[in-house]
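Thanks for asking me to look this over with you.

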Amino acid sequence: MIGRAIRADLLKIRGKGLWFLVFLAPVGLIAMQALNYGLRYDYMMDRYGDDPWRYLLENIAMFVPIALLMGITILASMLANIEHHTSAWKQLLALPVSRYAVFGAKFFIIALLLAVSCLLLAIGTVPLGLALKFGGTDIPYAAIAKLAFFPYIATWPVLAFVLWMCVTYRNQSLPITIGVVMAVLSIFPISEYLPLNWPLAAFKGPHEGAFLGAGLLCGFILLLLGSIHFNRKDVS
């Protein structure tokens with residue numbers, strides 16, 4: 001049943017610009033670091049030349065949380081607005097598909113889009129390092145995969161929460177404001193107990209596995225709560 005809802009949402013997002021955003025985020029992060037190193041190459045190599053790959057990944061990691069949370073906010077709002085703007089909720093929920101499947105499918109679509117974006121970030125990091133002459137014999141593939149996917153998994157609670165807000169409110173100003181504020185605050189180490197700080201902590205914190213587990217568990221709990229609320233909510 002959820003497969004039918006996923007296929008329907010995949011058809012709906014065609015031509016809506018969501019896939020463009022998926023490619024834009026990793027390309028932007030890679031281009032930003034290419035410019036950073038291009039303008040200060042001698043300085044960066046003098047300072048970080050002992051382990052250039054590690055410092056490149058740390059420089060990218062500083063901006064991954066804000067990119068992920070902004071991506072979640074924009075994608076969730078755009079996906080929910082497909083139904084809000086066309087007043088299609090009643091027609092959609094009249095189909096022989098459960099509300100749980102509808103809500104779960106939208107979560108899956110956003111998670112899929114973000115996963116593709118993270119994969120592109122991992123792929124793009126390798127040629128960036130090679131172009132900067134870091135050497136091709138010691139490429140830290142495991143660390144690159146960790147950079148791309150550990151923060152991504154740690155954002156699942158925020159993903160479930162923001163999607164819940166976007167689906168609940170027809171006016172998207174409140175969900176977008178909350179999402180943008182969380183994205184901006186994610187670059188500041190406020191508290192390890194706040195989910196918005198988990199993406200960075202999952203990559204470079206002392207307890208990476210704990211933040212990964214917390215992301216999975218809290219993401220599932222918020223997804224369940226959101227789907228229960230959506231199942232009971234009147235839609236128009």
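1. How many disulfides does a search of the whole structure find? This is a predicted model, and the search turns up zero disulfides.

2. Let's look at two of the cysteines to see why. A disulfide needs a pair of cysteine sulfur atoms within 2.5 Å. For Cys118, the closest cysteine sulfur belongs to Cys166 and is 19 Å away, so the two are too far for a bond. Cys218 is in no disulfide either: its nearest cysteine sulfur, that of Cys118, is 19 Å away.

3. Are these cysteines buried or exposed? Cys118 counts as buried because its relative accessibility is 4%, and the cut-off for buried is under 20%. Cys218 counts as partly exposed, because its relative accessibility is 26%.

4. Next, please find helix H2, which runs over residues 18-39 and has 22 residues. From its first C-alpha to its last, H2 reaches 32 Å, close to the 32 Å expected at 1.5 Å a residue.

5. Which residues of H2 are buried? They are Leu18, Val22, Pro26, Leu29, Ile30, Gln33, Asn36 and Tyr37. Look at the spacing of these numbers as you go along the helix. An α-helix has 3.6 residues a turn, so residues three or four places apart point the same way.

6. The largest pocket holds about 280 Å³ of space. It is lined by 18 residues, and the closest to its centre are Leu21, Ala25, Ala67, Gly71 and Ser117. H2, helix H5 (64-86) and helix H7 (99-131) are the elements that give two or more residues to this lining. H5 gives the most, with seven residues.

7. What kinds of residues line the largest pocket? The lining has 16 nonpolar residues, two polar and no charged.

8. The second largest pocket has a volume of about 190 Å³. Of its 14 lining residues, Pro189, Glu192, Asn197, Leu200 and Ala201 are the closest to the centre. Helix H11 (residues 198-204) gives the most to this lining, with three residues.

Definitions and conventions
Residues numbered from 1 in each chain as written. Predicted model: local features only at pLDDT ≥ 70, side-chain atom pairs only at ≥ 80, totals over all residues. Heavy atoms only, no water. Helix = DSSP H or I, 4+ residues; strand = E, 2+ residues; numbered from the N terminus. Expected span 1.5 Å × (residues − 1). Buried < 20%, exposed > 50% of the residue type's maximum accessible area, 1.4 Å probe, protein only. 1 Å grid on protein atoms, 1.4 Å probe; cavity = no way out; pocket = protein on both sides within 12 Å on 5 of 7 lines; lining within 4 Å. Points joined across faces, edges and corners; volume = space filled by probe spheres on them. Nonpolar A, V, L, I, M, F, W, Y, C, P; charged D, E, K, R; others polar.
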